[in-house]
Amino acid sequence: MARKAVATKAKTQSNIPQLTKEQELEAYREMLLIRRFEEKAGQMYGMGLIGGFCHLYIGQEAVVTGITMASEKGKDAQITGYRDHGHMLVMGLDPKGVMAELTGRQGGLSRGKGGSMHMFSNEHRFYGGNGIVGAQASLGTGLGFAAKYKGDGSVSIAYFGDGAANQGQVYESFNMAKLWNLPVVFIIENNKYAMGTSIERSSATTDFSKRGASFDIPGEQVDGMDVRMVYDAAKRAIEHARSGKGPFILEMLTYRYRGHSMSDPAKYRTKDEVTKYRQERDPIEQIKARLLAEGYATEESLKATESEIRAIVTEAADFATNDPEPDASELWTDITISV
């Protein structure tokens, strides 16, 4: 019996997609950058240096990291909601520009006028940072329409949460995306609580991967805490969309450690639940353990990476603290007036 159990476990482990040494190291570095950046942003918010809303991505790092690794940087478009800092960092945007936008400085990605929820980069094909719940699904569908119209072979990747998944405009977007066979991958980041209500209390059906069934859009549930699973699923979904087969839905089962935003004390869940995820499912600790077990890294090399990341984040925070505020003339730039 024991021998059979071991054989079954080995077979199960072998079915887990594997990353190369280079990919594991890249994923570790990217996720660590997001984690340390978000921790610093939380500190700065507490110090009053960041105003307005601030939604942190701590715990969900494997989702955007694995998906971006599976995409074509500089070609594929990405769009998300207000929990957007990690997305920009993984797409290659300057941490100093991201942090400066959080503090409303002129060196910010939107010249200090967008704040945490509204940052863009045409160069990197990142289209926000959108504050209206579910709007990015419709805008992401539009990016998919543009891709098909231009015939440039790009894919639109639209992220939204389990709360936004209940918005009517999301289903209008599903319908159009399938009707026109658009190259869109819809990513539902299911962190279980939306703003503060569990999916069991707010959603009649909790398997969000099936939300496109009535539109004939295929979907898949993915372990969003394991970057290997995310990368593997995203690679297949993006190829599906790029090859002309139309939209695809990926439900990422993930978890955020902080509240919905910095103003949310998250009293709707127990401390034990959060602790359990941190201790048993943390995406960074998982990949760190694999790096050491496979001999891809040593404790010393990982400490060196940690020091490098902390230096990058410290530099970004210093820049965002000392950079001047935008000139008053910026009030009138990038404004469109319809007559």
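1. Setting aside neighbours within four places in sequence, E24 makes contact with L19, R228, I287, R290, L291 and Y296. The model discussed here is a predicted one.

2. Is E24 buried or exposed? The relative accessible area of E24 is 3%, and buried means under 20%, so E24 counts as buried. E24 is found in helix α2, which covers residues 21-46.

3. The record should be read alongside this. UniProt, in an unreviewed entry, places the feature "domain: Dehydrogenase E1 component" at residues 30-328. In the model, that span is 46% helix and 9% strand, and its end C-alpha atoms lie 36 Å apart.

4. On the sheet: five strands form an open sheet in the order β1-β2-β3-β5-β4, and the pairing is parallel. At the edges are β1 (77-79) and β4 (219-223), each of which pairs on one side only. From one strand to the next, the twist averages 20°.

5. Which strand pairs with β4? The partner is β5 (residues 248-253), joined to β4 in the parallel sense over five bridges.

6. Helix α6 (residues 135-150) lies across β1, β2 (156-161) and β3 (184-190), and α6 runs at about 175° to β2.

7. On the nonpolar cores: the largest has 65 residues. Within this core, the residues that touch the most other members are I67, M99, V185, I187, L250 and M252. Helix α2 supplies the largest share of the core, nine residues.

8. What does M99 touch? Not counting residues up to four places away in sequence, M99 touches F37, K40, A41, M44, A316, A317 and A320.

Notes: Residues are numbered from 1 along each chain as its sequence is written. This is a predicted model: local features need pLDDT of at least 70, side-chain atom pairs count only at pLDDT 80 or more; totals for chains, interfaces and linings use all residues. Side-chain values use heavy atoms; hydrogens and water are left out. Two strands pair if DSSP finds at least two bridges between them. Helices (H or I, at least four residues) and strands (E, at least two) are DSSP runs, numbered from the N terminus. Axes are lines fitted to C-alpha atoms, for helices over the stretch in contact, and angles run from 0 to 180 degrees between N-to-C directions. Contact means heavy atoms within 4.5 Å. UniProt positions are given in the numbering used here, feature names are shortened, and annotations may be inferred rather than shown by experiment. Buried means under 20% relative accessible area, exposed over 50%, partly exposed in between (1.4 Å probe, protein chains only). A nonpolar core is a set of buried Ala, Val, Leu, Ile, Met, Phe, Trp, Tyr and Cys residues joined through side-chain atoms within 4.5 Å.
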